[in-house]
Amino acid sequence: MRTFAALLLKEEKAIFTSPIAYVVLSVFLVIMGYTFTLTLFVSHVPTLVHLFFQIYVLFLLTVPIITMRLVAEERRLRTIEILLTAPVSEPAVVFAKYLASLSLVVLMLVLSGAYAITLAILGQPDWGPIYSGYLGLFLLGAALVAVGLMTSSLVSNQIIAALLSLSLFLLLWIIDHFGWMLPDPFDALVVNLSLLVHFTPFATGSIFLSDAGFFISVALLALFLSVRALARR
Amino acid sequence: MPDLVAVDWLVKRYGPRLAVRGVSFAIEEGEVIGLLGPNGSGKSTILRVLAGYLPPSAGSVRIAGVDVAADSLAARMQVGYVPEDAPLYDSMRVGEFLHFMAAIKGVAPCAARGAVNRAAERLELGPVLGMPIGKLSRGYRQRVAIAQALVNDPPLLILDEPTNALDAYQVIAVRALVRSLAGRRTVLVASHVLTEIERVASRVMILLDGRLLTTDAMREAGQARQLRLRVGGPQPAVLAALRHIPGVVDPAPAGDPESYLVEIAPGRLTAADLARAIVGQGFALSELVEVKPDLERVFLDLMRRASAMQANAA
């Protein structure tokens, strides 16, 4: 446990002493602030639905930047050799990197909570969709970070890792458009791989176990593949 | 002394390429072993397998009785590994990095400060403990890399090319450190620099193209006798005559046109016999000197023999 705590602390420091974290946070808050202000003053409705979809898109664009260096950089600089010749297991290394990156995503969500508080001060929002929206965003973030970590484990160039993650995310975003064109039963199979299909119910106030299960399954599969990729050397 | 390291028929493949081809050796506790070989001969691969970074493709590697493939984490507890070129976390401060390494190597929290201080003191890292690793000189980086390997006081220390790109003063310091560890800890040093190995190791293993040519080059150096001759006459005729003398092994030209190096098989031929045989064949012998055996000669001989065997096999 102490070993894991040391690994996690190292990863947290690496993330929060890097300018990337602050650039990502700043861009996120500026765009969110603009969207929130605009939608609030235009619609005069105390809802965060638009904001949730905006965060969804921003996650697809920013998570690859957060995760790209996680393993790829360690491989490029060969520090992975120092790390993995110490008595630490690959799952511990992967999980520490995962939790550290996820903590930045959670921080982004926590900071966006200011908009919910603003709504509460200015009006009487329906809290159900807000809670479900945040739960959906957390699950989405957890799945995206795991996939980003997986691509970073596969290559030693962080730019390639970021582009690979981004391509995967964009594919999983729009895959339902292709799915509808396919014959039965392939259409349902492909449509169910869509991130948007599983996120939309959360954003609009509905929680289905199948949607939560999808994000959790993607995260677990990606973490498993990350461990396998790290063990392949 | 019991064996701390036992390597039995180790094979390592990278895809279709064989990097290590059936290597076997043992290292006793307290030995300082040199692993010598040209670049690309498989030294780093063997060290990485011993350090638990690479799994063996075949064969077994046991460190302090623990199989590195079956129980990699327990085996890694026994090893302090310093990779080539000291890859370290540049953004971390030296003290912070050593504390981190102590924590992941299982040093108890109450003992961590003492362990880090001892390693830092031994490697004279006191002045740079608060500095980011990225701002250190190469010499200090190497010392930090060795300090992290020693922080949990492992019985086996593995150093891969520890003097690469260091200046003369730093090379002397690293050499002195390795010598100071002899007896108290088992050390395995890999290098392609022959003089480095010769100065620090009590036993030298020589590796070529993934094969171990000898597990004790110094002993081989002590067994064979080499003589330098100065013989008048055409070189091909002299070489042919030397080859026909029973007990003469591998006669070869040595520098100037009349000088030759020959190895004589102990017990079969004396220097006086050789002198008589040369003169008896009508050649003028003007010098016969015994050459002190050294690692360089053994290394070159083994390389030459291995190349000849490969050529014959082909």
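Here is a quick tour of a predicted two-chain model, taking chain B, then chain A, then the contact between them.

This is a predicted model, with local features needing pLDDT of at least 70, side-chain atom pairs counting only at pLDDT 80 or more, and totals for chains, interfaces and linings using all residues. Residues are numbered from 1 along each chain as its sequence is written, while chains are lettered from A and ligands numbered from 1 in the order in which they are written.

**Chain B overall**

- Chain B has 11 helices and 14 strands; helices (H or I, at least four residues) and strands (E, at least two) are DSSP runs, numbered from the N terminus.
- Along the principal axes, the C-alpha atoms of chain B fill a box of roughly 80 × 40 × 35 Å.
- Of the 314 residues in chain B, 42% are buried. A buried residue has 20 or more other C-beta atoms within 10 Å of its own, an exposed one has 12 or fewer, and a partly exposed one falls in between, with C-beta atoms placed from the backbone.
- If you take the contacts in chain B with a separation of 6 or more, 67% join residues 24 or more positions apart. Two residues are in contact here if their C-beta atoms, placed from the backbone, lie within 7 Å.

**The six-stranded sheet in chain B**

- Chain B holds an open sheet of 6 strands, in the order S6-S7-S8-S3-S9-S10, with mixed pairing. Two strands pair if DSSP finds at least two bridges between them.
- At the edges sit strand S6 (79-82) and strand S10 (211-214) of chain B, each pairing on one side only.
- On average, neighbouring strands of this sheet are turned by 20° against each other, direction ignored.
- S6(B) pairs with strand S7 (residues 156-160) of chain B in the parallel sense over 4 bridges, and Val79(B) stands opposite Leu156(B) in S7(B).
- Lying across S6 and S7 of chain B is helix H5 (residues 138-150) of chain B, which runs at about 165° to S6(B). Axes are lines fitted to C-alpha atoms, for helices over the stretch in contact, and angles run from 0 to 180 degrees between N-to-C directions.

**Leu213(B), a residue to look at**

- Leu213(B) is found in strand S10 of chain B, and it counts as buried because it has 21 C-beta neighbours inside 10 Å.
- Leaving aside neighbours within four places in sequence, Leu213(B) is in contact with Ile206(B), Leu207(B), Leu208(B), Leu302(B) and Ala306(B).
- Leu213(B) and Gly37(B) are 176 residues apart along the chain, yet their C-alpha atoms are separated by 9.6 Å.

- Strand S1 (residues 3-14) of chain B pairs with strand S2 (residues 17-28) of chain B in the antiparallel sense over 9 bridges; Val11(B) has Arg21(B) in S2(B) as its bridge partner.
- S1(B) and S2(B) form a hairpin with 2 residues between them, and Gly15(B) in the turn has a positive phi of about 60°.
- S1(B) also pairs with strand S4 (residues 58-63) of chain B, in the antiparallel sense over 5 bridges, with Ala6(B) facing its bridge partner Arg62(B) in S4(B).

**Helix packing in chain A**

- Helix H3 (residues 49-67) and helix H8 (residues 158-179) of chain A pack at an angle of about 155°, with their axes 9 Å apart. That makes H3(A) roughly antiparallel to H8(A); angles under 35 degrees count as roughly parallel, over 145 as roughly antiparallel, 65 to 115 as roughly perpendicular and the rest as oblique.
- The residues making this contact include Leu60(A) and Val63(A) of H3(A) and Phe169(A) and Trp173(A) of H8(A).
- By class, the contact of H3(A) with H8(A) has 9 nonpolar, 2 polar and no charged residues. Ala, Val, Leu, Ile, Met, Phe, Trp, Tyr, Cys and Pro count as nonpolar, Asp, Glu, Lys and Arg as charged, and the others, Gly among them, as polar.
- The axes of helix H10 (residues 195-203) and helix H11 (residues 209-231) of chain A come within 9 Å and cross at roughly 130°, so H10(A) and H11(A) are oblique to each other.

**Where chain A meets chain B**

- The contact takes 19 residues from chain A and 21 residues from chain B.
- On the side of chain A that touches chain B, helix H1 (2-16) and helix H5 (79-84) of chain A each supply at least two residues, and H1(A) gives the largest share, 6 residues.
- That side of chain A has 9 nonpolar, 5 polar and 5 charged residues.
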